[in-house]
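Subject: Structure handover

Hi,

Here is the structure I promised to pass on to you. Please open it next to this message, and then read on for what turned up.

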Amino acid sequence: MCGIAGYIGNRNAPEILFDMLRRLEYRGYDSAGIAYLSKGKVVISKGKGRVDEVRRNSKNGDSSIGIAHTRWATHGGPSHENSHPHTDCNFRFTIVHNGIIENYKDLKQELVSEGHRFSSETDTEVIPHLIEKFYSGNFEKAFVESVKKLRGSFAVAAIDPEEPEKILVARKESPLIIGIGKNENFIASDTPAILPETKKIIILDDFDYGIIGKDDVVIKDLQTGDRIKREIQTIDWDIKQAEKEGYEHFMLKEIYEEPDAVKNALKGSNEIREIAKRISKYQKVYFVACGTASYAGMVGKYILERFGISSEAVVASEFRYSTVNAIDNNSVIIAVSQSGETADTIASVKEAKKRGAHIISVVNVVGSSLTRISDGNIYTYSGPEIAVASTKAYIGQLVSVTLIALFIALERGKITGDYVNEILHDLNGIPEKIGHILKNENEIRKIAEKLFKKDIFFYIGRRLNYPTVLEGALKIKEISYVHAEAYPAGEMKHGPLALLEEGVPVIAILPNDDLAEKMESNIQEAKARNATVILVSETGDLKVPPVDPLLSPILYIVPLHLLAYHISVLRGIDPDKPRNLAKSVTVE
Ligand code: F6R
């Protein structure tokens with residue numbers, strides 16, 4: 001949802017900024033731009049299109065300071081004018097912004113009435129004009145005054161050719177980190193952007209602002225102006241994790257990292273056990289998340305139910321306005337999020353917190369906003385996920401929610417320690433089993449070749465694998481642009497069966513469990529309508545090794561991820577950057 005970057009140091013800023021933007025492109029890719037200072041002036045290269053396209057069309061420049069932006073349009077469609085960076089009337093104060101300025105209409109009206117000339121439809125453009133308005137010889141003062149006028153969310157970076165030794169930054173509810181180098185510093189929306197440059201970062205908090213020089217970083221409080229000390233953290237992600245390493249797409253690489261995602265999430269077992277001890281006393285358990293992460297939450301709910309513990313899994317965009325009314329100090333919220341920056345999930349957590357709930361987050365990105373408002377964090381340690389469609393992070397979430405559900409059940413005396421050990425033992429064997437599925441990629445591709453021209457898909461499963469089919473269908477929708485319906489298999493006869501006719505693909509999940517016979521009947525119902533059934537089972541069209549039914553969601557989703565990937569590629573789509581979407585959804 002837009003990415004911002006900045007560089008100040010002795011090297012060539014435009015080159016570094018474009019490289020950083022490429023690593024941030026998953027946050028938005030409808031337009032891009034950079035601004036740097038050269039000979040006392042601002043030089044801007046920007047436009048509609050992908051980062052590489054904008055880079056090709058940009059003038060070569062030499063500069064040691066600049067800012068950059070990759071856009072996912074909110075206010076105003078993708079165009080040269082709406083691309084960032086934006087400047088004031090005199091092309092002096094230049095800024096990039098991620099977030100939404102909710103009061104931009106009022107601010108714009110006021111600025112226009114005072115004679116300011118706007119050249120875009122964006123909410124962002126009010127910021128440089130505000131700086132211009134408040135400027136009376138001190139860039140920092142004008143910047144702070146301007147940012148204080150903004151309502152909504154922002155991560156913003158600004159430069160001024162009259163003060164070429166600093167970049168000013170500020171944040172509220174949109175992520176912003178500072179990368180600490182030697183005689184150089186970086187700013188970015190997210191860690192992958194700076195991974196090749198430095199592993200030392202400062203994570204800004206809401207209402208922090210910073211003055212970033214090449215040799216120093218000063219952080220202050222936006223409200224009081226007082227200096228604040230923020231700890232320098234060391235990231236343990238490897239640069240290789242943020243590169244394709246020979247894979248055609250990040251998505252494929254990340255599917256191949258699914259075995260590691262299981263191993264990495266298992267590293268959190270001890271912490272999760274401790275957290276379960278703390279939260280098992282809460283009577284109401286809610287899993288709250290968006291999209292793919294919400295399906296991981298559903299799996300958590302099904303596992304708790306299996307052990308006789310009631311819980312709910314609610315998508316955050318609904319939870320925050322409805323379920324939240326039922327929250328009190330007897331509630332625990334388990335928020336699930338890869339990025340830890342999803343606006344609806346964060347808002348749900350904040351609302352639940354106000355009502356006294358205890359908050360636990362299952363998160364991939366360490367130091368993200370969600371982790372800072374939670375009472376406890378379970379990290380999935382999946383490493384950077386670059387493709388827009390979540391794959392390995394989902395696997396990590398599944399492992400973490402399985403563990404938390406198991407340990408809650410253990411604490412409540414619903415299951416025995418021996419049973420938990422048995423499942424932990426089986427979980428340790430899952431990476432190898434995923435490896436077997438990945439070895440069958442060619443077979444899966446062949447099925448994709450048969451199906452990729454179809455324009456409707458059905459996915460059916462039951463109980464723990466109802467979330468699996470929701471995830472399978474979401475994946476194919478978002479990266480292949482085909483209509484896909486996911487149904488609990490038993491529901492098909494209550495309406496959707498009417499849509500089945502010859503050749504309609506029905507992807508059916510058939511684990512070897514006590515509901516297998518019921519599933520078989522549902523499959524027969526589809527076959528009787530001449531649908532093309534693709535069976536996902538131990539012996540089916542998409543083969544999955546035998547597994548304890550409790551862990552089946554972790555295995556059964558793997559062939560569906562590969563199937564969606566291949567259908568996308570066969571349809572000529574870039575699965576890493578599907579249209580209209582962005583990875584981290586930081587707006588409501
Ligand atoms: C789908 C997908 C999205 C995310 C959702 C939540 O492939 O990636 O549905 O799962 O936007 O994002 P996080 O997990 O970052 O909160």
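This is a predicted model: local features need pLDDT of at least 70, side-chain atom pairs count only at pLDDT 80 or more; totals for chains, interfaces and linings use all residues.

Residues are numbered from 1 along each chain as its sequence is written, and side-chain values use heavy atoms, with hydrogens and water left out.

**Domains**

The protein chain divides into domain 1 (3-235), domain 2 (243-428) and domain 3 (440-578); these bounds come from an automatic or database domain assignment. The centres of domain 2 and domain 3, taken over C-alpha atoms, are separated by 24 Å. Across that boundary, 34 residues of domain 2 are in contact with 27 residues of domain 3, where contact means heavy atoms within 4.5 Å.

**Two open sheets**

A word on terms: helices (H or I, at least four residues) and strands (E, at least two) are DSSP runs, numbered from the N terminus. Two strands pair if DSSP finds at least two bridges between them.

Another open sheet has 5 strands in the order β22-β21-β23-β24-β25, and here the pairing is parallel. β22 (483-488) and β25 (542-543) are the edge strands; each has a single partner strand, so one side of each is left without a neighbour in the sheet. Strands β21 (residues 456-461) and β23 (residues 505-509) run parallel, joined by 3 bridges, with Tyr459 opposite Ile507 in β23. Helix α16 (residues 466-480) packs on this sheet, touching β21, β22 and β23, and its direction makes about 175° with that of β22.

**Strand β19**

What is the burial of strand β19 (residues 358-363) like? The strand is mostly covered, with 6 of its 6 residues buried; buried means under 20% relative accessible area, exposed over 50%, and partly exposed in between (1.4 Å probe, protein chains only). His358, Ile360 and Val362 point one way, Ile359, Ser361 and Val363 point the other way, and all are buried. In a regular strand the side chains alternate between the two faces of the sheet.

β19 runs parallel to β18 (residues 331-337), with 6 bridges joining them, and Ile360 is the bridge partner of Ile334. Between these two strands the chain passes through helix α11 (residues 343-354), and this β-α-β crossover is right-handed; that is, with the strands pointing away from the viewer, the path from the first strand over the helix to the second runs clockwise. β19 also pairs with β20 (residues 376-379) in the parallel sense, over 4 bridges. There, Gly376 is the bridge partner of Ile360.

**Salt bridges**

The whole structure holds 35 salt bridges, each being a side-chain nitrogen of Lys or Arg within 4 Å of a carboxyl oxygen of Asp or Glu. Three of them may be worth a look:

- Glu197 and Arg11 meet at 2.7 Å, N to O. The two residues are 186 residues apart, Glu197 in the loop between β10 (185-188) and β11 (200-203) and Arg11 in the loop between β1 (3-8) and α1 (13-24). Glu197 is partly exposed at 26% relative accessible area, and Arg11 is partly exposed at 36%.
- Arg55 pairs with Asp19, their closest N and O atoms being 2.9 Å apart. Arg55 lies in helix α2 (residues 51-56) and Asp19 in helix α1, so the pair ties together parts 36 residues apart in sequence.
- Asp344 and Arg320 meet at 2.6 Å, N to O, and both are buried.

Salt bridges that share partners also join Glu245, Lys253, Glu257 and Lys392 into one network.

Best wishes

Notes
Axes are lines fitted to C-alpha atoms, for helices over the stretch in contact, and angles run from 0 to 180 degrees between N-to-C directions.
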